[in-house]
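Thank you all for coming; I would like to walk through one structure this morning, taking a few regions in turn. Please have the sequence and the model open beside you as I go.

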Amino acid sequence: MIIGLARSRFVALAVAATLSITGAMTVAPTEAAAAAGVEDEGADCAVPGLPDAGSLPTVSRLPDPFTNLTGTRIATRADWRCRRQEIKRLAEKFVYGEKPPKPSSVTGTVSRTGITVNVSHNGRTSSFSAGVDLPSGTGPFPAVVVLGGLGADTATIKAAGAAVISYDPLAVGREGTPRTSKQGAFYSIYGASSGTGVLAAWAWGVSRIIDVIEQSGGSILRADATGVTGCSRYGKGAFVVGAFDQRIALTMPIEPGSGGVAAFRSIPGESGAQPLSSAYSEQPWLGDAFGSFTGSPGRLPVDTHSVVGMIAPRGLFIMDNPHIDWLAARSASVGALGGAEVYKALGAGGNITYWSAVQDGTHCATRPEWRTPLQQNIQRFLLNTGSYTGSMRIASNKSGNLAEWRDWTTPTLTDGGGDTSPPTAPTGLTASATTSTGTTLTWTASADDTGVTGYDILRSPGTTGGTFAQVATSTTTSYTDTGLTPSTTYRYQVRARDAAGNPSPVSGTAQITTQPGTSTGTCTATGTVQTQWSTGYVIQPLTITNTGTSAISGWTVTFTLPAGHTLSGSWNGTVTTSGQTVTIRNVAHNGTIAAGAGNSSAGFQVTRPNGDTSVPSGYTCA
């Protein structure tokens, strides 16, 4: 894949709104769709058994995105939620590899200059970081994640009022590695021989960044207003990020080429386009399973138009280059046009833009045509201002014909029996039986003219601020939340949904503080200096060893910082400070330690006066 090796600058984007551009088709305006409160809204959907690769028929045209795995066509917007989940599972199995859900522990920090991410799952840990560049103002700010330093123009992003998160995807999924020995933070958790390609691994990394933003209290960045962009291979990555995390409000891939938006079935017939076999073998971008389809994409039960549909109805701005055949812009227009049919069916046709009618043919070059729509997309989908309506501005020399690629029609999905009335808000939300790691919520049922089908459980950390994010659903009027951190305050709200998918207003707020973790044995603590510099150092690991004869289910470590030293970060522990005394308690996933065993997941970072080489002392454990 061409990546513009001579070019390390970001893509600047611009538009002259009054230009008459070949192939421009304006779609109907719609309301801006907010990002979902969870990574995957359809996680609770019952998906029928997926087909085996050997039983797949050859289908020359794009599969019908509106027909589910049982052969039934969906009819309502509410049906799309579980149909989207089917498409997601098919795309994971046959194209990208599995993108796992949130690991058992994700912790980190958000500052005005950076984000740290620490992940633990099934006894494995990994960490990575990202830079933060804020616009002028007081915040909290929406933000656009820029993959690999190559995406939409950062000056334009900031001028529109959004922060820039500089994300190095190669730290999470490295290129240049064999498929049997993949490397990076993702593969440290899920194994070097994982069948997941690096595009899905990169998407997993962005999701973990959003997790940390959600937990940060929302004073700097807004977790409910995140965009993503990238160019070339990072454009492929941005596309997959937006498709697989419904918390992304605006997805902006640039010139992603084969393995990106370009319809797989169309690529073999497009002269000069990068072949699927080349896109698969150049780097481990796509999942291992895709290798058996590079010569027969018609056997795939899913294509990129349906992956575009996975982003609907959220904001999508695809920027493409028709001047380089290798980039498969004609096939990309087919994928975009097919996906736009999902947007139309959901009543969100104005939320998608595909723009390849540009003058400059240099890969990942400055695009004066794109600056204004970039600003307008950010304002509409991240700031909830403006009235930008998307359009299809397709270069005439790379214009695909959707009619040649489908034998299905686009339904008008209804609200489900015409019901547009939401349920009443749940009342009487209370919490009881709170332990160090869990609490039980109960509330009074909502009322609805067609019947309440379930409740969304929303949670926010701390006593004030922060973003309420959906953490679970319940079909009854109670829910037990587990896996909480000891000695930590949480706030909860509940909202109802009816059969048409209409959400109610949220309930009142219930606040709880979990109990401290308890120790049932004896332990010792040892801090190891991992790295240090003139003004600071990192203690990693902080090893807690169970010296007793029975397992412990919680631990508390206390130590003293030297005079003038201050704690600047920590992970995998709940921290309190009093003067120079620091106390670190276990979190949910690392409190249990077998007799004679140790846990090395916790650590912390300290700032110190220049040249002072002293380190903490007096470690005790109880």
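This is a predicted model: local features need pLDDT of at least 70, side-chain atom pairs count only at pLDDT 80 or more; totals for chains, interfaces and linings use all residues.

Strand E4 gives five residues to the lining of the second largest pocket, which is the largest share of that lining. Besides strand E4 (124-133), the elements that give two or more residues to the lining are strand E3 (114-121), strand E20 (536-546), strand E22 (566-571) and strand E25 (598-607). And what classes of residue make up this lining? There are 16 polar and five nonpolar residues, and no charged residues.

Three of those strands, E20, E22 and E25, bring us to the sheet they belong to. It is an open sheet of four strands in the order E19-E20-E25-E22, with antiparallel pairing. Strands E19 and E22 stand at the edges with a single partner strand each, so one side of each is left without a neighbour in the sheet. On average, and ignoring direction, neighbouring strands here are turned by 25 degrees against each other.

Let me go through the pairings across this sheet. Strand E19 (residues 523-533) is joined to E20 by nine bridges, with Val529 standing opposite Ile539 in E20, and the two strands form a hairpin with two residues between them. Strand E20 is then joined to E25 by seven bridges, again running antiparallel, and here Ile544 stands opposite Asn599 in E25. As for how covered E20 is, nine of its 11 residues are buried.

There is another open sheet of four strands, in the order E23-E24-E21-E26, and its pairing is antiparallel as well. Which strands stand at its edges, and why is one side of each left without a neighbour? They are strand E23 (574-578) and strand E26 (617-621), and because each has a single partner strand, one side of each is left without a neighbour in the sheet. The twist in this sheet averages 15 degrees from one strand to the next. Within it, strand E21 (residues 556-560) and strand E24 (residues 581-585) pair over five bridges, and Phe559 has Val582 in E24 as its bridge partner.

Turning to the helices, helix H1 (residues 77-96) and helix H5 (residues 233-244) pack at an angle of about 145 degrees, with their axes 11 Å apart. On the H1 side the contact is made by Arg84, Lys88, Ala91, Glu92 and Tyr96, which meet Phe239, Val240, Ala243 and Phe244 in H5. By class, the residues of this contact are six nonpolar and three charged, with no polar residues.

Both H1 and H5 are also among the elements that cover the buried residues of helix H7, together with E8, E9, helix H8 (329-345) and E10. Helix H7 (residues 304-311) has eight of its eight residues buried. In helix H9 (residues 371-381), the buried residues are Pro373, Leu374, Asn377, Ile378, Arg380 and Phe381, and what covers them includes helix H2 (154-159), strand E8 (248-254), strand E9 (315-319) and strand E10 (352-355).

My last stop is Phe141, in strand E5 (residues 141-147). Is Phe141 buried or exposed? Its relative accessible area is 6%, and because the cut-off for buried is under 20%, Phe141 counts as buried. Leaving aside neighbours within four places in sequence, Phe141 is in contact with Leu134, Pro135, Ser136, Gly161, Ala163, Ile220, Leu221 and Arg222.

Terms used:
Residues are numbered from 1 along each chain as its sequence is written. Side-chain values use heavy atoms; hydrogens and water are left out. Two strands pair if DSSP finds at least two bridges between them. Axes are lines fitted to C-alpha atoms, for helices over the stretch in contact, and angles run from 0 to 180 degrees between N-to-C directions. Ala, Val, Leu, Ile, Met, Phe, Trp, Tyr, Cys and Pro count as nonpolar, Asp, Glu, Lys and Arg as charged, and the others, Gly among them, as polar. Buried means under 20% relative accessible area, exposed over 50%, partly exposed in between (1.4 Å probe, protein chains only). Contact means heavy atoms within 4.5 Å.
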